[in-house]
Amino acid sequence: SQKRSSHVDYRAKFNIHSVGRLGDHLMALLNQPTQVYSKLPQFLETLRSGTAPSGFNRQFLKDIGFKSSNDHAFIPLLKGLGFLSSEGVPTDRYRQFLDGSRWRKVLAEAVRESYGDIFVLKAKPTASDLAIITGKYKSTYNLSDVSADRAARTFLALLALCDQEALYGTSSSSSTPAKTEQ
């Protein structure tokens, strides 16, 4: 039986490479890096402080203060995480993310689903695993060093924001969120 969440499976539409199965779990590796991964906490906080728009596009990014062309990469990233449909319409996951008491759990579910291959490499990845994660991107997608590094750092920036218990299925004890470095 295939493990699925209650929303649409975005793997085929948003460049999530499925490399097979591990038990009952589909494995995946989202390849939607951003140069501005250090802006992810601010970006996600801005989204949480508002409401879901009827459509999420470049103009909406500008309207909420993300005017750089580098910020445009947030749109396919949100699509790959299942927050937006292929047309840029916010999904149920996006609306659940707006709940201030649950957003880290919603993000953890999206990260776990979209980056499953990394959790096969390392059960609890951290910033110290940057080289391993970068190597996975290079071997899976044949990326340059720079592109693979950005993909890995995008993942680590998201990972640092996730609810650790929801991400790893454990009580939050000695596990520390990953930190990204510039």
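Reply: pLDDT is the predictor's confidence in each residue, on a scale from 0 to 100. This is a predicted model, and its protein chain has a mean pLDDT of 85, with 78% of the residues reaching 70 or more. Over residues 1–25 the pLDDT is below 50, although this stretch has 59 contacts in the model beyond near neighbours in sequence. Residues 172–182 also have pLDDT under 50, and for them the model has 20 contacts beyond four places in sequence. Where pLDDT is low, the predicted coordinates should not be read in detail.

The part to look at is threonine 34. This residue is in the loop that lies between β2 (25–30) and α1 (40–48). Threonine 34 has a relative accessible area of 1%, so it counts as buried, the limit being under 20%. Beyond its neighbours within four places in sequence, threonine 34 is in contact with Asn70, Ala73, Phe74, Arg150 and Thr154. A polar atom of the threonine 34 side chain also lies 3.2 Å from the backbone nitrogen of valine 36.

Asparagine 142 sits in the loop between α7 (130–141) and α8 (145–159). The relative accessibility of asparagine 142 is 70%, and it is therefore exposed, since the limit is over 50%. Asparagine 142 is not a glycine, yet its phi is positive, at about 55°. Most residues other than glycine have a negative phi.

Notes. Residues numbered from 1 in each chain as written. Predicted model: local features only at pLDDT ≥ 70, side-chain atom pairs only at ≥ 80, totals over all residues. Heavy atoms only, no water. Helix = DSSP H or I, 4+ residues; strand = E, 2+ residues; numbered from the N terminus. Buried < 20%, exposed > 50% of the residue type's maximum accessible area, 1.4 Å probe, protein only. Polar contact = N/O pair within 3.5 Å; in protein donor to acceptor, adjacent residues only side chain to side chain. Contact = heavy atoms within 4.5 Å.
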